[in-house]
Amino acid sequence: MSLDVSPELLQRAEAGQVDDAEFVACVRDSLPYAWKVFSSVVTDLNAGTAPFADNETPPPSEVERGQLLRALASDSIRGGLERHFGVKLAFQNCHRVAAFRPSAVDSDEYRAFISPRNQLLNQSPELRDC
């Protein structure tokens, strides 16, 4: 299961009354490692002027790697995080997470980061099983 949904939140979802803040809080509480990584790259992005900031530190275990995969593989979770943090998230290699400024989404840096070429160049033998 991707998220730990409280009975109260599940009831609101069944009734059609869930707002972004409730959803993002559920993500934060359910995927604490992923939340920490996203918060860190957004903090780094906001502290500078570069078009993006990224994390290249592999997760300490498969549990944490799974949190990143679940968060970024879900359109609703990724979208909620992007709206909450005001960024565009990009992802490579089962752990490399980048936060881009919205104004950088059509930039050379963004296109390079998400390109098949960079995906191939960022592979390594130790990440083959991730």
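Before looking up strand partners I noted the rule: two strands pair if DSSP finds at least two bridges between them. Strands (E, at least two residues) and helices (H or I, at least four) are DSSP runs, numbered from the N terminus.

**Entry 1: ground rules.** I am reading a predicted model, where local features need pLDDT of at least 70 and side-chain atom pairs count only at pLDDT 80 or more, while totals for chains, interfaces and linings use all residues. Residues are numbered from 1 along each chain as its sequence is written, and side-chain values use heavy atoms, with hydrogens and water left out.

**Entry 2: the sheet.** I looked up the strand order and found an open sheet of three strands, β1-β3-β2, with antiparallel pairing. Because β1 and β2 stand at the edges with a single partner strand each, one side of each has no neighbour in the sheet. On average, neighbouring strands here are turned by 20° against each other, direction ignored. I took axes as lines fitted to C-alpha atoms, for helices over the stretch in contact, with angles from 0 to 180 degrees between N-to-C directions.

**Entry 3: who faces whom.** Which residue of β3 stands opposite D54? I found A98 there. β1 and β3 run antiparallel and are joined by four bridges. On to the other pair: β2 (residues 88–92) and β3 (residues 96–100) are antiparallel over five bridges. β2 and β3 make a hairpin with three residues between them, and N93 in the turn has a positive phi of about 60°.

**Entry 4: is β3 buried or exposed?** Buried means under 20% relative accessible area, exposed over 50%, and partly exposed in between (1.4 Å probe, protein chains only). R96, A98 and F100 cover one side, V97 and A99 the other, and all are buried.

**Entry 5: helix α3.** I tested the length of α3 (residues 32–47): its 16 residues at 1.5 Å each should span 22 Å, and the end C-alpha atoms are 22 Å apart, so the two agree. The expected span is 1.5 Å times one less than the number of residues. Buried residues in α3 are Y33, A34, W35, V37, F38, V41, V42 and L45. They pack against α2 (20–30), β1 (52–55), α4, α5, β2 and β3.

**Entry 6: α4 and α5.** How do these two helices cross? The axes of α4 (residues 62–73) and α5 (residues 75–85) come within 5 Å and cross at roughly 85°. That makes α4 roughly perpendicular to α5; the label covers 65 to 115 degrees, with under 35 roughly parallel, over 145 roughly antiparallel and the rest oblique. R70, A71, L72 and A73 of α4 meet D75, I77, R78 and L81 of α5, where contact means heavy atoms within 4.5 Å.

**Entry 7: two single residues.** I picked V63, which lies in helix α4. V63 has 57% relative accessibility, so it counts as exposed. Its C-alpha atom is 24 Å from that of L10, 53 residues apart along the chain. E56 sits in the loop between β1 and α4. Setting aside neighbours within four places in sequence, I found E56 in contact with H95 and R96. E56 and V97 are 41 residues apart in sequence, yet 7.1 Å apart in space, C-alpha to C-alpha.
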